[in-house]
Each structure stands twice: as C-alpha cells, then as structure tokens.
Amino acid sequence: MAYAIGAIISMQFGSALAKTMMGDLGAWGVVTLRLITSSLLLYVFFRPQVRQWTRPQWIAVTVLGVALFGANAFFYVAIQQVPLAIAVAIEFMGPLVLATVLSRRKLDLVWVALSFTGMAVLTADSQANPEDFALAGVFFAVLTAISRAAYILATEKVGASIPGMGGMVMGNIVSTLLVLPFPFFITGNHLEKAITDPALLGLGFVMGLLASALPALGEVSALRMLPSNVYSVVLSLEPAFAAIVGIFMLAENTGLIRWAAIALLISASIGITLSHARAERAALAAGKRESIEPYLPGAVDNIGAGIAQMTGAIELPTPEQVAADKARRQDTAGKTHPRTGEEG
C-alpha cells in the first residue's frame, strides 16, 4: 500500500513542480523537457534492440508514441489553465469509459453517468469562476482522457507484439520527437532557457524523476504485493492527492463544489474497479478468466502497470492454468470426507 501511495504522491509533486516551471518554459517547453528526460532514462536503463523489428511492430510503437504525446502534452497544457486536481480527475474519465465499453455491463453505465455528472459540475464551476478555471483547460483535460484511453489500447498491442520494455522505450522516444518542435513554434514557450540555465535543467531532471521514473518503480513494487483491484482502488484516490498537493504547493483553491465533483469522479472509478473485480472472481469460479485488469481506471492511469506486465513483475493466469487449478481443487475436494475433512 505504501508503494502505491508513494507513487501517487511522487507523480503529483512532479506535476506541481512542472506547473511552477511553466512561467519560465511554458507548458510545451516543460512537457518537452519531461519527455526528453524520461526517454533518456528509459533508454539508458533498457537499451532496446530494434534492428529486427518488423513493420507492424514499428506501427504499434508509433501509435503508442502518438498516444503518449497526447496524454503528456495535453495534460500539461490543461494544468496550466485549470487546478491540478481538476485535470487529474477529468483524466480518469478516459480509462473509465473505455473499461465500460469493453465490459458491456449495464451496471457500469451507472459509474459512467456518475463520472459525467462530476464532469458537468466541473464545467458549470468553470463558467462561474473563469478567472482561475479556463474552459479551454477543461477541453485539454478531456483530450488527455481520450489519449489515456488510446494509450491503454496501444500499450496492450505493443506488449503483445514486442517482448520486454523495448516497445515502451521507443514509444517514449517517438512521443519526444513529436513534441520537440512545439516549444519553438508556439509563443510563450522557451525550451532554450533550460539549455542555458543549469538550475532549470536540474529542476527538469527532478521533475522527470518525480513524475515518471519514481512512480513507475513504486507502481511495479506495489503490483508485486497488492491485488490489482486493491491497487486500482488506491490509485483512484489520485485526484484527492492532487488537490492536496495543489493546495500546499500551488495555492490552488479547491472549494466544496470542486471537492464534490472530484468525489463523484473518484466514486465512479472505485465503483467500476470493484464491479470488475467481482466479475473477475465470477469468471475464475466458472473456470475462465476475463481479462479486465488492463482496463481498470487506476491501474493504467500511469506507466507503471504497463511496465509491470511487460517485465513480468505481475503475471496473470492463462485460461488453461485457471481450468487446471479448478480441476485440481475439485479432485482434492472429492478425496476429502465431506464432514470430517479426512481423506477417505
């Protein structure tokens, strides 16, 4: 549990630090610096071997890179215009809606309706307080949510076609190449300042560690010890942690209306996570596994779950393994006396 909470706190501190740097670098300058940092760290650690990759593998990596570009760039543009907690809360809607579409359960529509209610409350609040809550920021947060959903699907495709961490590393590099021109063409962005100012460059490195590297390590460690549904519930609290970090680091106002909207979005995320957990247990009891973990809102909101599955930190059972385990339990039960528990 501590690893999961630590990953959340690290991520939000990294995002808050990024927001403080936007006065010098602009949103596009900050996101470019972050992606450069994370791409370099990932490449140094994993050194992907790409010479033998096929065209379909490169296409999958390129799609992942585009999704990562949107998830990172749109998020930083959003938090430049809206409070950190609001952007994080809206971002959760992407995985939540995707999970509902893929599950096709009527009950999950309740959680989607709850999340859209929270979204409507936030939109109304943005109109009532335009001075600190720009509607354009909400729009970019919605784009972030869509990009997160695309990232989930792209990660699954890359993980199935490319072993190890190579696909994730090259996807990050593709996203870096895509974002690189923007700071030089959009006014108010000054990436060159980070090159000439060692203090800004150092802050950029710290931001990359807090927002990318440390959360990934924390999530991998958490997934080793926590059931995926418990882990997802913990990560569903991320908007609340973002609000707290925003209050103390950025002096962002989070009134009762915004807390209520955040609570609705968190409740929707937890609700769909628990709903899918029950479905998973039912599938296991029936001798078949339903692959819903990759689509749980919390578990995939950050890069750590993808890293964990690709590196083998967690391993989901195959349908054959589930069936064999069920047959073994039934065989054991048949050899045991129903009342005394002694073997007959």
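User: Which residues of H2 and H3 meet?
Analyst: In this predicted model, Phe 75, Ala 78 and Ile 79 of H2 meet Leu 84, Ala 87, Val 88 and Glu 91 of H3. Contact means heavy atoms within 4.5 Å, and helices are DSSP runs of H or I with at least four residues, numbered from the N terminus.

User: Now H12. At what angle does H3 pack with H12?
Analyst: The angle is about 165°, with the axes of H3 and H12 7 Å apart. That makes H3 roughly antiparallel to H12, a term for angles over 145 degrees. Axes are lines fitted to C-alpha atoms over the stretch in contact, and angles run from 0 to 180 degrees between N-to-C directions.

User: Which residues of H12 are buried?
Analyst: Glu 238, Pro 239, Ala 240, Ala 242, Ala 243, Val 245 and Gly 246 are buried, meaning under 20% relative accessible area with a 1.4 Å probe, protein chains only.

User: What follows H12?
Analyst: Ala 251 follows H12, and its phi is positive, near 55°.

User: How are residues numbered, and which pLDDT values are needed?
Analyst: Residues are numbered from 1 along each chain as its sequence is written. Local features need pLDDT of at least 70, side-chain atom pairs count only at pLDDT 80 or more, totals for chains, interfaces and linings use all residues, and side-chain values use heavy atoms, leaving out hydrogens and water.

Terms used. Buried < 20%, exposed > 50% of the residue type's maximum accessible area, 1.4 Å probe, protein only. Helix = DSSP H or I, 4+ residues; strand = E, 2+ residues; numbered from the N terminus. Parallel < 35°, antiparallel > 145°, perpendicular 65-115°, else oblique.
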